[in-house]
Structures are given as structure tokens and as C-alpha cells.
Amino acid sequence: MSIMKRYLFLAFALLALLTGQAGAQRCLPGMRGIRFTAEMADGFYSRTNRHDAGYAFSLAVSTYTKNGDQWVFGGETLQRNIPYRNTHIPMAQYTGEGGYYHTFLSSPDKVLFLNLGISALLGYETVNGGDKLLDDGAALHRHESFIYGGAATLEAEGYLSDRVVLLLRLRERFIWGGASSRFHCQYGIGVKYIF
């Protein structure tokens with residue numbers, strides 16, 4: 001009798017797998033993930049062609065809510081060059097982020113998601129490596145400062161497996177208090193691991 005139960009269980013399990021009924025549960029309340037992103041900032045970064053563009057890296061933790069939305073908390077570093085005469089001045093921003101990402105579109109099979117996020121940013125900016133004087137003797141008014149602002153993010157999530165998610169991001173940062181421009185457009189790719 002126990003052999004019959006095993007065969008019956010195996011038959012039902014195979015039937016469920018073959019008919020697509022054994023889908024993974026995703027975006028459940030309390031599920032957490034760690035995410036890493038790499039992005040271009042203010043254009044396409046290239047040392048030879050474009051000195052004013054830059055790049056950004058972020059590491060964050062996300063927690064799902066009961067509606068499938070996410071709370072995201074993490075840190076980001078943005079490196080960029082500011083054009084100056086026939087050269088450029090390096091600028092770096094280090095920010096902490098806290099935000100809410102709302103899922104406004106998902107595929108029926110819960111593989112693709114589109115999220116819209118709003119975040120608050122707080123951090124520190126350094127220009128010219130913290131040196132006030134430039135190579136030609138000119139002085140910077142602000143070479144180190146605390147910065148604050150926010151970000152709006154459009155993000156696409158694609159599940160590669162039950163635990164690994166590919167991220168495509170388009171983001172606009174609004175920063176005040178620093179020496180560089182207030183707006184930074186970023187676009188890039190990332191990966192999230194659900195644990």
C-alpha cells in the first residue's frame with residue numbers, strides 16, 4: 001500500500017509540474033532581498049570621449065509589503081567629472097537611501113514586474129578629492145559638503161529563477177547642498193538575490 005501511495009504522489013507531482021500549476025511564490029510579505037546595481041550617470045561614461053559623464057554603484061536591502069511593493073534601504077556612490085577649462089575636476093557623492101517602490105504592472109506568471117520608486121537621499125560630496133586648490137591655483141568655494149535630496153526610479157524586474165532577479169533601472173536624482181549640478185540622470189543594470 002505504501003508503494004502505491006508513493007506512485008500516486010509522484011504522478012500528482014509530475015502532473016502538477018507538467019501543467020504549470022507548481023509556480024513559485026513571489027513577492028510575499030516579509031520576503032527580503034539584497035540588490036547590487038551598476039549604472040551610468042549623466043550620459044555614457046568613457047575616458048576618451050566624454051569626461052563629464054560618470055558611473056554609480058549601489059548596495060541595498062529590500063523588504064516586500066503585503067501588496068507586493070517594496071521598502072528599499074541602502075547606500076550608493078556616484079563618481080563624476082565636472083568640466084573645467086580644458087580638463088575636468090573629479091566629484092564623488094556618497095549617499096544613503098530610504099524609499100518605497102510601488103509595483104504598478106506585473107505579468108500573469110509573476111516573472112516580470114515594473115516598479116516606480118520614490119526615495120530620500122542624505123550623504124556627503126567631495127570635489128577634487130577634498131582639495132580646495134586646483135592645479136592652476138584657482139580655489140573652490142565648496143570642496144566638501146553634506147548633501148540631501150531625493151530620487152525617482154523606474155525599475156523593471158525579471159525573475160531568472162526563484163531567488164535571482166535581474167534589474168533594469170532608470171533613475172533621476174535631485175541633490176541640494178553640493179557644488180555640482182542638482183540633477184543626475186542614471187541608467188543601468190543590477191541583480192537581486194531573494195533570501
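Which side chain makes a polar contact with the side chain of Arg35? It's the side chain of Glu155, at 2.8 Å.

## About the model

This is a predicted model, where local features need pLDDT of at least 70 and side-chain atom pairs pLDDT 80 or more, while totals for chains, interfaces and linings use all residues. Residues are numbered from 1 along each chain, and side-chain values use heavy atoms, without hydrogens and water.

## Arg35

Arg35 sits in strand β1. It counts as buried because its relative accessibility is 2%, and buried means under 20% (1.4 Å probe, protein chains only). Strands here are DSSP runs of E, at least two residues long, numbered from the N terminus.

## A greasy surface patch

Now for the outside: Ile34, Phe36, Phe57, Leu59, Val61, Val191, Tyr193 and Phe195 form a nonpolar surface patch, together showing about 710 Å² of accessible area. β1 (32–41), β2 (54–64) and β8 (183–194) each give two or more residues. β2 gives the largest share, 3 residues, and Phe195 is in the segment after β8. Patch residues have over 30% relative accessible area and no salt bridge, and nonpolar side chains are joined within 5 Å. A salt bridge puts a Lys or Arg side-chain nitrogen within 4 Å of an Asp or Glu carboxyl oxygen; areas come from the Shrake-Rupley method with a 1.4 Å probe.

## Inside

The largest nonpolar core has 8 residues, including Leu78, Met91 and Val127. Apart from it lies another core of 7 residues, among them Cys27 and Tyr64. Core members are buried nonpolar residues such as Ala, Val and Cys, joined through side-chain atoms within 4.5 Å.

Definitions and conventions
Patch = residues over 30% accessible without salt bridge, like charges linked within 9 Å, V, L, I, M, F, W, Y side chains within 5 Å. Helix = DSSP H or I, 4+ residues; strand = E, 2+ residues; numbered from the N terminus. Buried < 20%, exposed > 50% of the residue type's maximum accessible area, 1.4 Å probe, protein only. Polar contact = N/O pair within 3.5 Å; in protein donor to acceptor, adjacent residues only side chain to side chain.
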